[in-house]
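Subject: Structure for you to look at

Hello,

Here is the structure I said I would pass on. Please open it beside this email and follow along.

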Amino acid sequence: MNDRLRRYRNEMMMGIFTVATLLALIPLFGVLGYVVTNGLSALNLEFFMNLPKGMGTPGGGMANSIVGTLIMVLIASLIGIPVGILTAIYLTEYDSASWFSMGVRFATDVLTGIPSIIVGIVIYSSVVLKMGHFSALAGGLSLSIIMIPLMIRSTEEMLKLVPHSIREAGYALGISKGTTIIKIVLPTAAKGIMTGAMLAVARVSGETAPLLFTALGNQYWARSLNEPIAALPVQIYQYATSPYKAWQQQAWAGSLVLISLVVLLNLIARCAFRSRSN
Amino acid sequence: MGQSLSIHNLEAWYGSNKILKGINMEIRPNQVTAIIGPSGCGKSTFVRCINRMHETLPRTRVRGEISLDGRSIYDLNPVALRKTVGMVFQKANPFPSMSIYDNVVAGLRLNGMKNKQELKASAEKSLRMAALWDEVKDRLNYSGMSLSGGQQQRLCIARALAVEPSVLLMDEPASALDPIATTHIEELIRSLKEIYTIIIVTHNMQQAARIADSTAFFLSGELVEHGPTSEIFTNPHDKRTEDYITGRFG
């Protein structure tokens, strides 16, 4: 008799979980569907090939923003990925329990939680004002600051997953600690580290706030890394808040491109590094 | 050829815990020496002191003297010492990111040997010595993790042999293996003593009796008795040794 009650309760809980899951899916697919339906109509080859047209004029594209985003994400990756990985190696392999390391870990956690606009302000006052102009370098630098703590924490987790016995096996063969880390520990954790890097890249490629006053945006091609450069999120922000229908359409298209980029990076992170073929 | 070891007043700590309380022991070359004793008696720590692996852990300390063919191991740098004193662990630990071949030559290659012919020759020789060659010769580029537990352990032995040490430390190398794989490993150990001095930690007294020339009984961080295996098992001098091998404790 209690059995019936138990089964009834079981089914009820099951129902609650299912409903909650479906509720969570609504915004997820809602956002995706909304962007796809609105963006697809404005998306064409011209969007990828051309510069923006003048105010309110239909046509034109966001070629400069797409390239700008890629350039700044590349700069951010060139700084953020190595610094993050090397710091994580220091924290896990060389100095895991000292006060200094605990401090670094705490700072990393705090930095992960800091609103990205604050990173923008700091770079604005420390780099942009000093150099006297907005630039791709300043934009990339601010993105790298967001990337570093993400890289440190994800790499650290991956290195911790490598069993200590693997390190001991290296030492026992008369291999130095440094070589053991570089040639044995890192390759063992490589897939996880790459996945973390991809997710960090995906995360910063959509950042808008820190770019507003570092990269600024640009309606034309930037001729060097030292001048204001366009970025997809910034362009989307400017176009979406403009009063022109054509620009708003383009903002949707830009959003679709940005989402696709993030989805693509996530897919690569999930598939490409999942299994090593032998 | 194997080298002799002599250990004087070896003491080792883990944190404030004194694990070895003054061990004195002579280990003859080209013999199998078994270390037996109950859990926590310090036998693993003892062998880990011989290749200075104990010191790699945080909050550890070692005092005393260990010499290899008359030369103090503390005069060598630990990395160089471990090329002479190889080690096989309780749990097989092949490098997961490497193929079978890469595992075997890891010690050579990561120490700078580049000559492909030499590496290849050494890999084959080591795998043959570890009695694994016939089973893996057609799939040397498979992942080391694709092998069975017993094969992985023999792969780890081959990997240790490739570096051409003169002393081989084995920390319960067969404790995680089934009886057939254990037999393989034991045959292997018996044949390897031609070339190496072997020190094997074991929980299994039958195993010690089968393969060891001399046996040392450890208890609570002290060496109770060390002598020819037959004598330790048939006519122990110390009451505690007798109690242990007759199964009265441990």
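What radius of gyration would a compact globule with 250 residues have, and what does chain B have? Before the answer, please note that this is a predicted model. A compact globule with 250 residues would have a radius of gyration near 18 Å, and chain B has 18 Å, which agrees.

Chain B as a whole

The C-alpha atoms of chain B fill a box of roughly 55 × 40 × 30 Å along the principal axes. Chain B contains 10 helices and 10 strands, and buried residues account for 47% of its 250 residues. If you take the contacts in chain B between residues at least 6 apart in sequence, 68% of them join residues at least 24 apart.

Strands in chain B

Start with the open sheet of 4 strands in chain B, whose order is 2-1-4-5 and whose pairing is antiparallel. Its edge strands are strand 2 (17-27) and strand 5 (71-72) of chain B, each of which pairs on one side only. Within the sheet, strand 1 (residues 5-14) and strand 4 (residues 60-68) of chain B run antiparallel and are joined by 8 bridges. To find this pairing on screen, look for B:L5, whose bridge partner in strand 4 of chain B is B:L68.

Then turn to strand 8 (residues 197-201) of chain B. Since 5 of its 5 residues are buried, strand 8 is largely enclosed by the rest of the structure. B:T197, B:I199 and B:V201 point one way from strand 8, while B:I198 and B:I200 point the other way, and all are buried.

Which strands pair with strand 8 of chain B in the parallel sense? One is strand 3 (residues 32-36) of chain B, joined to strand 8 by 4 bridges. Another is strand 7 (residues 167-171) of chain B, which pairs with strand 8 over 5 bridges.

Where the chains meet

In chain A, 18 residues are in contact with 25 residues of chain B. Helix 7 (164-172) and helix 8 (177-205) of chain A each supply at least two residues of the side that touches chain B. By class, that side of chain A has 10 nonpolar, 6 polar and 2 charged residues.

Helix 5 of chain A

At 1.5 Å a residue, the 16 residues of helix 5 (residues 116-131) of chain A should span 22 Å, and the end C-alpha atoms are 21 Å apart, which agrees. Helix 5 of chain A also has a kink of about 40 degrees, centred on A:Y124. Its buried residues are A:V119, A:G120, A:I123 and A:V128. What covers them includes helix 6 (136-161) and helix 9 (209-212) of chain A. Just after helix 5, A:G132 takes a positive phi of about 90 degrees.

One loop residue

Is A:Y220 buried or exposed? A:Y220 has 12 C-beta neighbours inside 10 Å, so A:Y220 counts as exposed. A:Y220 is in the loop between helix 9 and helix 10 (232-240) of chain A. Leaving out residues up to four places away in sequence, A:Y220 touches A:L51 and A:N64.

Regards

Key: Residues numbered from 1 in each chain as written. Chains lettered and ligands numbered in written order. Predicted model: local features only at pLDDT ≥ 70, side-chain atom pairs only at ≥ 80, totals over all residues. Expected span 1.5 Å × (residues − 1). Bend = angle between axes of the 7 residues up to and from the residue. Buried ≥ 20, exposed ≤ 12 C-beta atoms within 10 Å, placed from the backbone. Contact = placed C-beta atoms within 7 Å. Nonpolar A, V, L, I, M, F, W, Y, C, P; charged D, E, K, R; others polar. Rg over C-alpha atoms; globule rule 2.2 N^0.38 Å. Pairing = 2+ DSSP bridges.
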